[in-house]
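Please read them with the structure open beside you.

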Amino acid sequence: MPASSQQESSESGAIQEGVQRSVSSPWNLLLIVPLLMLITPWFNHVSPRIGGVPFFYWSQLAFVPVSVLAMSIVIIVTRGKSDSVKGQS
Amino acid sequence: MTGAQAIEFSIFLVLFLFVTVLGFCAARWRVKGKLHTLDEWALAGRGFGSWVSWFLVGGDLYSAYTFIAVPALVFGAGALGFYALAYGVVAFPIAFLPVLRLWSVSRTHGYVTPADFVRGRYGSSFLALLIAVTGIVATMPYIALQLAGLESVLRVMGLNDSGILGDLPLFVAFIILAIFTYTSGLRAPALIAFVKDLLIYIVILAAIVYLPLHFGGWGSIFGHASTVLSKKSPVTGKPSGSILLTHGNQLQYATLALGSSAALFLYPHSVTAALSVKNRTVMKRTVAAMPAYSLLLGLIMLLGYVAIAAGVKPLINHATGKADTNTVIPLLFSHSLPAWFDGFAFAAIGIAALVPAAIMSIAAANLWSRNIYKAYLHRSASPEQQTRQAKFASLVVKLGALIFVVAIDPLFSIDLQLIGGVLILQTLPAVAIALYTRWLHAWGLIAGWFAGMAWGVYELYTLPAANGSGHFGGSALALKAVDLFGWHSFGGSTVQIYVGVLALIVNLVVAVVITVIARLVHAPEGVDETRAGSYHADAEKDGVKSAPLAQAPAQ
């Protein structure tokens, strides 16, 4: 029941309801950058090699730090304001 | 069993027993009361912090799939197998924002499963039932994959008899798994994930550094692999694979990665893991750190090529009489590394199968006890009764997985997981889209589910196994075979696509059409008990524990 679950959470004090803001951060668009690795024609080549490993493989592996970085930037840039105010979508 | 195999097996056994004992002891770790309420058992009291979360979510994600099935695909098909790396990299940016919303709304309203959320959002118990059933069924082939991986390790160690005795090791391993998840719930896998990941890192670093050097360096390995893969297969008359993507499988690569990414957080075990995180900050950090696991994953996949260069031939499974491609990595280790090291490696891989299998079965069991048993069969069930039901259901789910291993025999066992993916993707509209908007009507979602499910299962059925016969042999459809009521829209295209993505598109189209119709006839909308603010809620940041939920939401 909506009423009692709301009561439960405010009694325990554990969950703070978020205030809704409708604007989400443009920094969130960074999250699309890692998806570029799926445009396979860009990466489907053998050379240049690194240590004998064809371009396709090391370039795909290179997207691992890209992905971590993209998400980390989003976290840092949207930190400082509480989640509930920032309007994370 | 040879001498080397005996050494491997003894070390394997010792480590395995150690971990099992650890599992039983886990019941005492950080538990205040008894493990009888469902939340305690299934979500370990909702109190895991950053490091534990990272290990738990990772331990769940990287499994026998990672170490056995994907390298086997690379061994057999080449570059296409690398989709699993792309999946491990893109799944997390994709899931980053939605999973936060799911966490917030679930914590606010006490949701424990995806079906709980759907019921709260739409007020439709039938839709929630469909979501619950999908979650349970889709998890089974995924668990089956873990079992197949464990089985391949046991066979390489010499337990490769034919007939009933041949399947015995599998049943024994499963009983161990069943017993410790039965008593300890989610805490057992968490503790063991630490042990597993430690073992795995040691083994893999040693293998990645030593093996490529041993076989002549990457240049030579790729050259050798390219030669072997481009030989034409006697069955199909075409090369079995290549070290680059072909014209036909580039779209398949991308859709497999996207489809698997979209499916990842729809699985009940992913939702369970996500909900066990302490607050939104921990969640964000955990998700952001997840792709790091893929670096290792990518290097392990490349071992598939090393296996080709090493001249590994898959072991014949004496129980079925067929070659088991899952054995290539264990065989690679067996052939090129000392027996004592192999014992370690196999134990690590075996545990890597055990942990996610346990977590997956707990999560599926949760769906049964809350969203089917309590919702429809026994409305006044107490928390203790629900927990007992969940424990029982967890065993049944494992049994279902066992049946999948035996009954469905795709060319690559990774297809077991991809088949599960086709099924779970049909819950995307009701779960993921619903986190953002309620525009799709419950009737549309239900109709879309039926359409996508029917079409997806039908297409899977039509895919033959490697020898050209049978059903459920794979998960990739050539576009030329796409057939809408007899209209062949893609001509003779040999470009392949993941069935899951196509089935999802069918689902969405039908959902939209029926939604429009439902609105026109003013169909009842159902009650949405969530509020806009619920999707952004966060737990207190200064360490106050969230109140454990003793009650399931009123059904």
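1. A term first: a residue is called buried under 20% relative accessible area, exposed over 50%, and partly exposed in between, with a 1.4 Å probe and protein chains only. By that rule B:E525 is partly exposed, because its relative accessible area is 34%.

2. This is a predicted model, in which local features need pLDDT of at least 70, side-chain atom pairs count only at pLDDT 80 or more, and totals for chains, interfaces and linings use all residues; side-chain values use heavy atoms, with hydrogens and water left out. Residues are numbered from 1 along each chain as its sequence is written, while chains are lettered from A and ligands numbered from 1 in the order in which they are written.

3. Chain B as a whole. It has 21 helices and five strands, where helices (H or I, at least four residues) and strands (E, at least two) are DSSP runs numbered from the N terminus. Of the 555 residues in chain B, 64% are buried. Chain B exposes about 19200 Å², and carbon and sulfur atoms supply 70% of that area; accessible areas come from the Shrake-Rupley method with a 1.4 Å probe, and for residues only the protein chains shown count as cover. If one takes the contacts in chain B between residues at least 6 apart in sequence, 82% join residues at least 24 apart. Contact here means heavy atoms within 4.5 Å.

4. Salt bridges. The definition is a side-chain nitrogen of Lys or Arg within 4 Å of a carboxyl oxygen of Asp or Glu. How many salt bridges does a search of the whole structure find over all chains? The search finds five.

5. The pair B:E151 and B:R155. Their salt bridge has its closest N and O atoms 2.9 Å apart. B:E151 and B:R155 are separated by about one helical turn because they are four residues apart in helix α7 (residues 125-156) of chain B. Both residues are buried.

6. The pair B:D528 and B:R438. The closest N and O atoms of this salt bridge are 3.8 Å apart. It links distant parts of the chain, 90 residues apart: B:D528 is in the loop between α21 and β5 (538-539) of chain B, and B:R438 is in the loop between α19 (428-431) and α20 (442-462) of chain B. Are these residues buried or partly exposed? B:D528 is partly exposed, as its relative accessible area is 26%, whereas B:R438 is buried, at 19%. Both belong to a network of salt bridges that also links B:R121.

7. The pair B:E525 and B:R519. Their side chains meet in a salt bridge of 2.9 Å, N to O. B:R519 has a relative accessible area of 28% and is therefore partly exposed.

8. The nonpolar patch. B:W439, B:W443, B:I505, B:V509, B:V512, B:V513, B:V516, B:I517, B:L520 and B:V521 make a nonpolar surface patch of about 930 Å². Patches are made of residues with over 30% relative accessible area and no salt bridge; like charges are joined within 9 Å, and nonpolar side chains (Val, Leu, Ile, Met, Phe, Trp, Tyr) within 5 Å. Helix α21 (residues 499-520) of chain B gives the largest share, seven residues. B:V512 lies in this helix and is partly exposed, with a relative accessible area of 36%.

9. B:H522. This residue is in the loop between α21 and β5 of chain B. Most residues other than glycine have a negative phi, and most peptide bonds are trans. B:H522 is exposed, with a relative accessible area of 70%.

10. A cis peptide bond in chain A. The bond from A:S47 to A:P48 is cis, with omega near 5°. A:P48 is placed in the loop between β1 (15-16) and α2 (55-77) of chain A.

11. B:P239. The loop between α10 (217-229) and α11 (250-264) of chain B holds this residue, which is partly exposed at 41% relative accessible area. B:P239 and B:A77 are 162 residues apart in sequence, yet 8.9 Å apart in space, C-alpha to C-alpha.
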